[in-house]
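Hi,

Here is the model I promised to pass on. Have a look at it first, and then read on for what turned up.

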Amino acid sequence: MKILVLGGTGAMGVDLVRILAQHSWDVTVTSRTERKSEFRNIRYIQGNAHDCGFLKMLLKDKYDAIVDFMVYQTDEFKLRRDLFLDATGQYLFLSSSRVYADSVRPITEDSPRLLDVIDEEAYLRTDEYALAKARQENLLRKSGRTNWTIIRPYITYSNQRLQLGVYEKELWLYRALHGRTVLFPKSIAEKYTTMTLGEDVAQGISGLIGNERALGQAFHITTDQAIQWNNVLAIYQRVFRDVMDRDIKIQYTDDAKPIYEVMGNKYQVIYDRYFNRRFDNAKFLQTVGNYEFTEPEAGMENCLREFLKRPEFGAAPYSFSAQMDKLTKERTGLSEISGFKQKGKYLIERYFPNKFVSCLKMVLKRK
């Protein structure tokens, strides 16, 4: 098989490429930076898959399957849909299980989506992630073709991705390792979520590639074991205490609003993290046959232990650190912040009132 993987250097993409390397398939992977392959059947090609010229050059070839990890605005995807479907026998579109509305029953692939049931006009006027993915699913369904497969992962974890509520590890684990307090909203902590090992999702995607039963269908690839966010924290806390010989400092808040106002992810919180998320994965299992998901508690514990052996973080926004420090009455050492400009911005956001900071941002934006 000849396979193109778009955006294959992210968390799940890396796992998928490693899995595909075990086959004799010819795999091309796009990357924005130059990369050398460890595998004979994997070829990296440097370029930005958002660039239409680069994409058209790639799609002059025909592929048995295209796996697309890219994130698009809906208008952007509309211009690319037919290019993808014309260039392959199977286009695997990475959507998200955030498309689903709230549900008291375990979610199936036919459960209502937010786009179909939400009536908040302000939200519907946006192209927020959950709405964008649902609209792009609709574009595939309206294409008049069936050579597509929609994949809806939910929250995934790995040695490098360890989420807590609305936080990526750069936002909560970094603070914990530096002895600062992590704010944890009770309104999220009490909810049930579903967390699936990223490698399991990648393995599941590989099982759908070339699978005729997957054409024209949507699948969420998730474990069916739900876990309360408080219990996720308890797993992290146990490992942290064992490895670091101290506790993660946690301060519970009554509401998530102060946090989502800082992070700018209001809709992710109120239309996802405020929901209990349980999944029925029977459709996926019936399609791929025998398949076992990693038990979440053991998987998350192992991943955090591995990460703590050699912690590496991406950049955390200075404004988040400043606002969290303001709420917890703590401070981030200036040695942790790179660049004089960023240090100055941190100090302003940390020590000046938020109204002043907002006004200053508006003035600077006008200049």
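A cut-off to start with: a residue is called buried under 20% relative accessible area, exposed over 50%, and partly exposed in between. By that scale aspartate 245, with a relative accessibility of 69%, counts as exposed. Please keep in mind throughout that this is a predicted model.

Aspartate 245 is worth a look for its backbone too. Its phi is positive, about 60 degrees, although the residue is not a glycine. Most residues other than glycine have a negative phi. You will find aspartate 245 in the loop between H10 and strand S13 (250-253). Lysine 329 has a positive phi of about 60 degrees as well, and again is not a glycine. Lysine 329 belongs to the loop between helix H15 (318-328) and helix H16 (340-351), and at 71% relative accessibility it counts as exposed.

Now for the inside. Nonpolar side chains tend to be buried together in soluble globular proteins. The largest nonpolar core here has 55 residues, and those touching the most other members are Leu164, Tyr167, Trp172, Leu173 and Tyr236. Which helix gives the most to this core? That is H10 (residues 229-244), with 7 residues. There is also a second, separate core of 29 residues, with Leu16, Phe69, Val201 and Ile205 among them.

Leaving out residues up to four places away in sequence, tryptophan 172 touches Leu162, Gln163, Leu164, Tyr167, Val182, Tyr236 and Ile248.

Tryptophan 172 also takes part in a helix pair. Helix H7 (residues 169-177) packs with H10 at an angle of about 35 degrees, the axes being 12 Å apart, and the crossing is right-handed. From H7 the contact uses Trp172, Leu173, Ala176 and Leu177, while H10 brings Tyr236, Phe240 and Met244. What kinds of residue make up this contact? There are 7 nonpolar ones, no polar and no charged.

Helix H12 (residues 266-273) is next. Of its 8 residues, 7 are buried, so the helix is largely enclosed by the rest of the structure. The buried ones are Tyr267, Gln268, Val269, Ile270, Tyr271, Asp272 and Arg273. Their cover includes helix H4 (114-117), helix H5 (121-124), strand S7 (155-157), helix H8 (186-189), H10 and helix H11 (257-263).

Tyrosine 154 sits in the loop between strand S6 (148-151) and S7. Valine 201 lies 47 residues away from tyrosine 154 along the chain, with 9.4 Å between the two C-alpha atoms. Val201 is one of the residues in the second core.

Last, the cysteines. How many disulfides does a search of the whole structure find? The count is 0. Cysteine 303 is buried, with a relative accessible area of 4%, whereas cysteine 52 is partly exposed at 27%.

Cheers

Conventions
Residues numbered from 1 in each chain as written. Predicted model: local features only at pLDDT ≥ 70, side-chain atom pairs only at ≥ 80, totals over all residues. Heavy atoms only, no water. Core = buried A, V, L, I, M, F, W, Y, C linked by side-chain atoms within 4.5 Å. Buried < 20%, exposed > 50% of the residue type's maximum accessible area, 1.4 Å probe, protein only. Helix = DSSP H or I, 4+ residues; strand = E, 2+ residues; numbered from the N terminus. Contact = heavy atoms within 4.5 Å. Disulfide = S-S within 2.5 Å. Axes fitted to C-alpha atoms, helices over the stretch in contact; angles between N-to-C directions. Left-handed = near helix turned anticlockwise from the far one by under 90°. Nonpolar A, V, L, I, M, F, W, Y, C, P; charged D, E, K, R; others polar.
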